[in-house]
Protein chains: 2
Amino acid sequence: MIRKPYLLFLGDAPDSLAAKVAQGVRDWSPDAAIGQYRMEGCQADVGLPDLTIEEARAAGIRTMVIGVANRGGVISKAWKSVLTDALANGMDIASGLHNLLRDEADLVSAAAAHGCDLHDVRVPTVQYPIGNGQKRRGRRCLGVGTDVSVGKMYTALAMDREMQDRGMKSTFRATGQTGILITGGGVPLDAVVADFMAGSIEYLSPDNDDDHWDLIEGQGSLFHASYSGVTMALVHGGQPDALVLCHDASRKQMRGLPGYEPPSLTELRDLALKLARIVNPNCQVSAVSVNTKAMSDAEARACLAQIETETGLPTVDPFRFGAGRLVDALPD
Amino acid sequence: MIRKPYLLFLGDAPDSLAAKVAQGVRDWSPDAAIGQYRMEGCQADVGLPDLTIEEARAAGIRTMVIGVANRGGVISKAWKSVLTDALANGMDIASGLHNLLRDEADLVSAAAAHGCDLHDVRVPTVQYPIGNGQKRRGRRCLGVGTDVSVGKMYTALAMDREMQDRGMKSTFRATGQTGILITGGGVPLDAVVADFMAGSIEYLSPDNDDDHWDLIEGQGSLFHASYSGVTMALVHGGQPDALVLCHDASRKQMRGLPGYEPPSLTELRDLALKLARIVNPNCQVSAVSVNTKAMSDAEARACLAQIETETGLPTVDPFRFGAGRLVDALPD
């Protein structure tokens, strides 16, 4: 687990999009993210107090989280001096970058000298078991998408927050780099070796109280030729009781797959349910979560109403209208 | 690629089952396997000439293939002296053992000293691409199983041999350790990192002549909770034109999954076809391959006839009755 609280490193981000990981951690882990660190020329701001390394140390920061993409695929000298300073002040560093911290000799030696950890959350650190398919106690909800990048993580996080607000027992279970940085732990599923994918999700979502819900972060899409195997492992390893269909209403072509159209929501519903019931015959499709960000409020309402009619399922955009109905729709 | 011809190392195999990898290589790669090496006490015999290391060298052997399981998960001293001798005589070594050759310092230094290669076929050696889903030229056939270990590799090898005998253009594409040792190359799919599974199969089965068939070795089962993600990647990365349903008529429970029953062949047919058509709308289920080894000839014929009636598909046990009808059934 990554130790909290966090200092979010925004580096020399050229714009706010480059710092979207930091924004995600700030939005979804507000208790953990208590400061930001911006270098000269940084064009991003996630609205936290700017702290120097010394101030961060005094504030009890345990980990500096790299919340920004690096440029040109290298960890620059300018970054290095800040990261080394953080290590010298006793902070761990956590990163989801493709370039691994552990491959940087100067960071490795600084971390060793100061007794700090380098967390490369792209790399699994656990030897996961082979999946065993045994029924686990507790309830599980998984988001499955018509395509990749349609809002599955956001949907699960919004449902978890709503359930926490209601005093329900729930846990967001991260399966991707941003989710892991938000929660401090999880399974970087896209980097797990094929034979252990389903087992890694069983490991991530173990037995729990009968009235506890795991909100498992979805990945990929059953209909996406590049990543469908990863999604399949989530459906079978996750053993969901409820599936939430996730969809981007503006997507006309599968992301990264020219010539492929996204499936209809009813096709996704039927296929995902058939697959999920192989491991959990009681699984139900409970609701639809739609990303309507390209629409006006009126257009969004019309779109949601139309999908609700087509599918017969409660349909909401949790970003625009809240996740309440998604939680209401979970099976008893 | 692993250099041929091979000397099959049977070591101190306690029985013929322990040497089943050697038997597979001998059966399916008869031109490559020209000798065997047995240590004192070896109880296996795959019917090849016993060669000393010196005789093997004189016969032009390029690679010693470990065709036997090791005992207790260690590469013993007795093995080491034979393997080192082979390296000293200019042979490479290829192994599918869980213990990697590359983790044995004495073998590594001997290989380096003599300019030989150590092939651990459990470990990918290629940085596979992300799958792109683009339609490739040539035809592809994939075996999909009601369960794991039902004869998918055997079916693909038998079809390839039948097609070669007929003068058709075909290639067996190995996706597991034994298949890789048989052919000298392939993708160890169970060891590929999740994000690259589908891409590794696209890499394995590239564009080819319009009348060429790749017989892609299946893995896992869409209905097996532990490995279904691997199978899904084969279906979407393999882009099959034809699916052959593979089944073990004696299997009452999914292997390694207490409480799970295998699906019916019609359930498998419908699910696999739906998934395959996401990437290849022209895909067809062409035939059923049944492992009837637990039956008498009369029982087997009755079983095959019954399945043929139920599914409406040509149904054969290629081990017992040949793969001819499986090849006949391929779509034009």
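Predicted model: local features only at pLDDT ≥ 70, side-chain atom pairs only at ≥ 80, totals over all residues.
Biologist: What makes residues of chain B count as being in contact with chain A?

Modeller: Contact needs heavy atoms within 4.5 Å. By that rule, 33 residues of chain B touch 33 residues of chain A.

Biologist: How do you know what area is buried between chain B and chain A?

Modeller: Buried area is what the two parts lose on being put together, summed over both. Here that comes to about 2700 Å². Carbon and sulfur atoms give 63% of the buried area. On the side of chain B, the most area is lost by B:Asp195, B:Tyr260 and B:Ile278, together 18% of what that side buries.

Biologist: Which helices of chain B supply at least two residues each to the side that touches chain A?

Modeller: They are H7 (197-204), H8 (228-238) and H9 (265-279) of chain B. H8(B) gives the largest share, six residues.

Biologist: What classes of residue make up that side of chain B?

Modeller: There are 21 nonpolar, nine polar and three charged residues. Tyr and Pro count as nonpolar in this scheme, and Gly as polar.

Biologist: How many salt bridges link chain B and chain A?

Modeller: The count is zero. A salt bridge needs a side-chain nitrogen of Lys or Arg within 4 Å of a carboxyl oxygen of Asp or Glu. Polar contacts follow another rule, with N or O atoms within 3.5 Å. That rule finds 10 residue pairs across the interface, both residues at pLDDT 80 or more.

Biologist: What makes S1 and S3 of chain B a pair?

Modeller: Pairing takes at least two bridges. S1 (residues 6-11) and S3 (residues 63-66) of chain B have four, and they run parallel. In that pairing, B:Leu8 stands opposite B:Val65.

Biologist: Which strands form the six-stranded sheet of chain B, and in what order?

Modeller: The order is S7-S8-S6-S9-S10-S11, in an open sheet with parallel pairing. S7 (169-173) and S11 (315-316) are the edge strands, each pairing on one side only.

Biologist: How do you know that S6 and S8 of chain B pair?

Modeller: Again, at least two bridges are needed. S6 (residues 139-145) and S8 (residues 212-216) of chain B have four, in the parallel sense. B:Arg140 stands opposite B:Asp214 in S8(B). H9(B) packs on this sheet and touches S6, S9 (242-248) and S10 (284-291) of chain B. The direction of H9(B) makes about 150° with that of S9(B).

Biologist: Now the backbone. Where are the cis peptide bonds in chain A and chain B?

Modeller: One joins A:Lys4 and A:Pro5, with omega about 0°. Another joins B:Lys4 and B:Pro5, also with omega about 0°. A:Pro5 sits in the segment before S1 (6-11) of chain A. B:Pro5 is in the segment before S1 of chain B.

Biologist: Why point out A:Gln239?

Modeller: Most residues other than glycine have a negative phi. Phi of A:Gln239 is near 55°, a positive value in a residue other than glycine. The residue A:Gln239 lies in the loop between H8 (228-238) and S9 (242-248) of chain A.

Biologist: What makes A:Glu308 and A:Arg325 a salt bridge?

Modeller: The cut-off is 4 Å. Their closest N and O atoms are 2.9 Å apart, and the pair forms a salt bridge. A:Glu308 is in H10 (residues 297-311) and A:Arg325 in H12 (residues 324-328) of chain A, so the pair ties together parts 17 residues apart in sequence. Over all chains, the search finds 38 salt bridges.

Key: Residues numbered from 1 in each chain as written. Chains lettered and ligands numbered in written order. Heavy atoms only, no water. Buried area = accessible area lost by both parts, 1.4 Å probe. Polar contact = N/O pair within 3.5 Å; in protein donor to acceptor, adjacent residues only side chain to side chain. Axes fitted to C-alpha atoms, helices over the stretch in contact; angles between N-to-C directions.
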